[in-house]
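Let's take a walk through it.

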Amino acid sequence: MTSNRQAGLLLCLTFMIMNCMNAAVAQEKPECTQEYMEIKPAEVVALCEKALQQPADAKTRSGLLYLKGRGLHRSGQRTLAIQAYEEALKLDENNPELHISRSWAGFSSGDAEAFFRHAEIAHQLAPQNPRMWDLVGFALMQTGDLEAALEAYATALDIDPAQPFALLHRSQLFEGMKRPLDALNDLNRLIEIPPHVVDRAGLLNAHSMVVSFHAEALLSRGHLFKELGRNSAAQRDFERALAWERSEKTILALAQHIKMDPTQVALFETLTADAVAISPNNIRAVRLRAFALERAKRYPEAVEILGRVIELAPKDAQAHFTRAIIFKSLNRFDDVANEFAKAFEKDQRILQPLMGSMVMNGHWKGAPVPTTLDEPLRKALLACAKDPLCI
């Protein structure tokens with residue numbers, strides 16, 4: 001049997017085992033446990049609250065509060081998570097895992113003092129804890145001591161070579177230090193961890209909601225490949241991330257990547273429609289959708305969604321400028337002039353590319369770069385709108 005085939009069978013076996021393990025946990029009677037918290041963080045909170053109603057010693061109660069806090073933290077309820085962590089610490093102040101989680105909760109809530117204080121306590125309590133060393137590395141990154149941060153991450157990975165947060169954070173540090181090949185190496189190692197295993201580590205987004213660690217690693221590597229000029233490899237990773245977790249972030253990553261590819265126009269249009277359906281208030285998604293509709297010459301829809309861009313970003317002059325161009329295609333000349341005027345009011349620089357054409361076609365004889373939206377400029381914009389050669 002070839003080594004590649006052996007590796008493939010081993011990977012398949014790993015997936016089968018993990019699926020069985022996940023199924024077993026899900027099918028057992030749900031309880032306030034670490035395993036259940038990793039799989040169903042939102043559901044574990046009520047289970048922990050129920051368990052806390054029973055008599056127990058201080059250490060047991062602290063453990064239940066800790067799991068409740070992590071369930072709250074992983075389901076976007078940071079304030080309540082911090083309350084649970086604080087209650088747990090009163091009962092077991094020397095639990096390093098509690099201090100690590102409390103530190104991360106401080107960081108995600110913008111409490112720098114709590115972040116650094118609990119990181120320091122965890123460092124004192126658990127010198128061989130890889131999760132602690134990842135936290136220390138991240139704290140050192142915040143202070144700008146990058147070499148010390150690298151040492152901390154190296155220590156975490158010496159203890160546990162597959163510590164996912166240390167691999168992710170160090171890859172980000174390497175990328176910031178302009179060491180893309182080192183970053184790529186860490187991301188490769190992270191992606192090699194079976195997805196069902198790494199996803200249970202609990203990667204949180206900016207809203208403290210659990211997202212797929214595996215998908216995030218693929219997106220990070222895809223962006224790195226793109227920076228290195230390896231566009232085909234980048235697209236493969238974006239597609240794999242989307243296949244694993246169809247989310248706003250994975251959809252937009254692939255959509256942005258193929259935006260200017262004339263061979264993938266249909267896919268781009270589908271992706272942008274999905275992105276706006278999932279997240280109608282995401283300005284990036286709405287802008288990409290507007291571009292797709294404009295390119296498809298679906299002008300009325302493009303005008304409508306550019307209005308949504310303006311609602312979400314009232315200072316966006318480019319949206320008005322683009323709507324002016326679209327109105328030109330619809331022969332709505334007054335609207336063209338009005339949109340140019342609105343764009344100018346928000347950003348006086350935006351008409352500069354147009355002024356040369358207006359001068360060349362005899363519609364403007366004033367200052368090369370006007371600073372005031374007066375009546376002569378309004379008339380010139382309307383005349384330009386009606387002139388097929390001007391725009």
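Predicted model: local features only at pLDDT ≥ 70, side-chain atom pairs only at ≥ 80, totals over all residues.

Residues are numbered from 1 along each chain as its sequence is written, and side-chain values use heavy atoms, with hydrogens and water left out.

Let's begin with the open space. A pocket here is an open set of points on a 1 Å grid over the protein atoms alone, where a 1.4 Å probe fits and protein lies on both sides within 12 Å along at least five of seven lines; lining residues have an atom within 4 Å of a point. Grid points are joined across faces, edges and corners, and a volume is the space filled by probe spheres set on the points. On those terms, the largest pocket comes out at about 1,200 Å³. Its lining takes in 45 residues, and Phe-165, Gly-202, Leu-203, Leu-204 and Asn-205 lie nearest its centre. By type, that lining splits into 19 nonpolar, 13 polar and 13 charged residues. (Ala, Val, Leu, Ile, Met, Phe, Trp, Tyr, Cys and Pro count as nonpolar, Asp, Glu, Lys and Arg as charged, and the others, Gly among them, as polar.)

The second largest pocket has a volume of about 230 Å³. Look for Arg-287, Ala-290, Phe-291, Leu-306 and Thr-322 nearest its centre, out of 14 lining residues. Helix 17 (283-295), helix 18 (299-312) and helix 19 (317-329) are the elements that each give two or more residues to this lining. (Helices are DSSP runs of H or I, at least four residues, and strands are runs of E, at least two, numbered from the N terminus.) Helix 17 gives the most, with 6 residues. The lining divides into 6 nonpolar, 3 polar and 5 charged residues.

Glu-311 is 30 residues from Asn-281 in sequence, yet their C-alpha atoms are 9.6 Å apart.

Now hop over to helix 6 (residues 96-108). Here 10 of the 13 residues are buried, so helix 6 is largely enclosed by the rest of the structure. Among the buried ones are His-99, Arg-102 and Trp-104. The cover over the buried residues includes helix 4 (58-74), helix 5 (78-91), helix 7 (112-125), helix 8 (130-143) and helix 10 (164-176).

The whole structure holds 2 disulfides, counted as pairs of cysteine sulfur atoms within 2.5 Å. One joins Cys-32 to Cys-48, with an S to S distance of 2.0 Å. Since Cys-32 lies in the loop between helix 1 (3-27) and helix 2 (34-39) and Cys-48 in helix 3 (residues 41-52), the pair ties together parts that are 16 residues apart in sequence. Its S-S torsion is about 85°, so this disulfide is right-handed. The other links Cys-384 and Cys-390, their sulfur atoms 2.0 Å apart; with a torsion of about -95°, this disulfide is left-handed. Along the chain, the bonded cysteines pair in the pattern 1-2, 3-4.

Finally, the backbone. Most residues other than glycine have a negative phi. Ser-208 has a positive phi of about 60°, and Ser-208 lies in the loop between strand 1 (203-204) and strand 2 (210-211). Lys-297 has a positive phi of about 60° too, in the loop between helix 17 and helix 18. Which of the two is buried? At 1% relative accessibility, Ser-208 counts as buried, whereas Lys-297 is exposed at 62%.

Technical notes. Buried < 20%, exposed > 50% of the residue type's maximum accessible area, 1.4 Å probe, protein only. Contact = heavy atoms within 4.5 Å.
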